[in-house]
Amino acid sequence: MSKPISRTLAVLLLAVSPLALSAYSESNAQEADRFAGVEIKVVPLAEGVAVLFGAGGNIGVSYGPDGTVLIDDQFAPLTPKIQAAIAGLGAEPVTYLINTHWHGDHSGGNENFGKAGALIMAHDHVRERMLGIQKSGRGNDPASAVEALPTVTYHDGLKLHLNGDEVQIKHMKHGHTDGDSIIFWKKANVLHMGDLFFNKMSLPFIDLDSGGNARGILAAADKVLTMVNDDTKIIPGHGPMATKTDLIAYRDMMKTVIGAVVKAQGAGKSLEQVQAMKLAGQWDVNPDAFIKGDAFVAAVYKSVQKPEHVDDHAH
């Protein structure tokens, strides 16, 4: 998929209305109305850890005496509902906010939570992209408000020691974007993968214009599989909760499609010829999926044309 979708990603991922795309172009008031019917579903996962499902990227939350940690925050109009859901858990207002990456369906609430006092953390490239420095087919993406920007950034990762658990934040290079992080609660055995994992609702979206690469998604899945066990509860960026078995199937799909595309490229096949092979056909089963087979194969094709990344440190 060559055209970037920038902060508008989740508009296309919304399951709230078939009119989502047209609604996006309307006024802010109408956009707020578009989210009026969204309910935030809260599912406890472990003591002090839950997942919130709404519109956009799945949200992780952990809470306890040391404060409340939020993983992603969907769209700005949903902030009051998310705050109410957190309060419903008996948790304090958000102390720490971690963005798994920069797309607006995962960071749209940043400004609201930042103004409310949350400390925002993310990979270096998330802050850079939210500053509006990236270009796209739509022109320059507008810069985020200062209050929305991560104030703590990292290159490789961080550890937070909160609420009796060790929260491991690890950067996964050039996967969905160039700024993806996974978050693992070691004691609770819960892992949030952000959009490195689309579970059972769409083929993966690889944002090539934000430094994404199919090989990075495969590498991330391989890495996570070394960290989890059969009891780990995996939060995907989109879709229902997942298990290690689900992630193995996803990893195997990525490995199979990438391998087949590499072989076809080696035989001199064009992108159109490779798309005609329907290499992702057996997984392209959801008629309402955000990413269909041809778009996914195109992104894989363009990914494997690029040199493999050795380091992505920005200077």
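**A walk through the predicted model**

Lys-200 sits in the loop between S13 and H8. Is Lys-200 buried or exposed? Its relative accessible area is 63%, so Lys-200 counts as exposed, the cut-off being over 50%. Lys-200 is not a glycine, and yet its phi is positive, at about 60°.

Let me now step back to the chain as a whole. Its secondary structure comes to 11 helices and 14 strands. The protein chain has 315 residues, and 55% of them are buried. If we take the contacts between residues at least 6 apart in sequence, 64% of them join residues at least 24 apart.

I turn next to a second residue with a positive phi. Asn-163, again a residue other than glycine, has phi near 55°. Asn-163 belongs to the loop between strand S10, residues 157–162, and strand S11, residues 165–172. With a relative accessible area of 22%, Asn-163 is partly exposed.

Asn-163 leads us to one of its partners, Ser-62. Which residues does Ser-62 touch, leaving aside its neighbours within four places in sequence? They are Gly-48, Val-49, Gly-67, Thr-68, Val-69, Asn-163 and Trp-185. Ser-62 itself lies in strand S3, which covers residues 59–64. Its relative accessible area is 5%, and Ser-62 is therefore buried, since buried means under 20%. The side chains of Ser-62 and Trp-185 are joined by a polar contact of 3.1 Å.

Val-190 is part of strand S13, and with a relative accessible area of 0% it is buried. Apart from neighbours within four places in sequence, the contacts of Val-190 are Leu-45, Ala-46, Val-49, Ile-183, Phe-184, Trp-185, Lys-233 and Ile-235. Consider Val-49 in particular: Val-190 and Val-49 are 141 residues apart along the chain, while their C-alpha atoms are separated by 8.1 Å.

The next topic is the aromatic rings. How many aromatic pairs does the structure hold? There are three. One of them is formed by Phe-35 and Phe-75, with 4.9 Å from centre to centre and 35° between the planes, a tilted arrangement. This pair links distant parts of the chain, as its members are 40 residues apart. Phe-35 is in the loop between helix H3 (28–34) and strand S1 (41–46), and Phe-75 is in the loop between strand S4 (67–71) and helix H4 (79–88). Both Phe-35 and Phe-75 are buried.

Another pair is made by Phe-205 and Phe-290. The planes of these two rings stand at 75° and their centres are 5.6 Å apart, so the pair is edge-to-face. Phe-205 lies in the loop between strand S13 (190–192) and helix H8 (214–225), and Phe-290 lies in the loop between helix H10 (271–276) and helix H11 (293–305), so the pair ties together parts 85 residues apart in sequence. Phe-205 is buried, at a relative accessible area of 1%. Phe-290, at 15% relative accessibility, also counts as buried, because the limit is under 20%.

My last topic is the packing of helices. Two packed helices are described by the angle between their axes and the distance between the axes.

What is the angle between H9 and H11? It is about 65°, and the axes are 10 Å apart. H9 passes H11 in a right-handed crossing. On the H9 side, the contact is made by Met-253, Met-254, Val-257, Ile-258, Val-261, Val-262 and Gln-265. On the H11 side, the residues are Phe-296, Val-297, Val-300, Tyr-301, Val-304 and Gln-305.

Terms used. Residues are numbered from 1 along each chain as its sequence is written. This is a predicted model: local features need pLDDT of at least 70, side-chain atom pairs count only at pLDDT 80 or more; totals for chains, interfaces and linings use all residues. Side-chain values use heavy atoms; hydrogens and water are left out. Helices (H or I, at least four residues) and strands (E, at least two) are DSSP runs, numbered from the N terminus. Buried means under 20% relative accessible area, exposed over 50%, partly exposed in between (1.4 Å probe, protein chains only). A polar contact is a pair of N or O atoms within 3.5 Å; within protein, one must be able to donate a hydrogen and the other to accept it, and residues adjacent in sequence count only if both atoms are side-chain atoms. Contact means heavy atoms within 4.5 Å. Rings of Phe, Tyr and Trp (its six-membered ring) pair if their centres lie within 6.5 Å; planes under 30 degrees apart count as stacked, over 60 as edge-to-face and the rest as tilted. Axes are lines fitted to C-alpha atoms, for helices over the stretch in contact, and angles run from 0 to 180 degrees between N-to-C directions. A crossing is left-handed if the near helix is turned anticlockwise from the far one by less than a right angle, and right-handed if clockwise.
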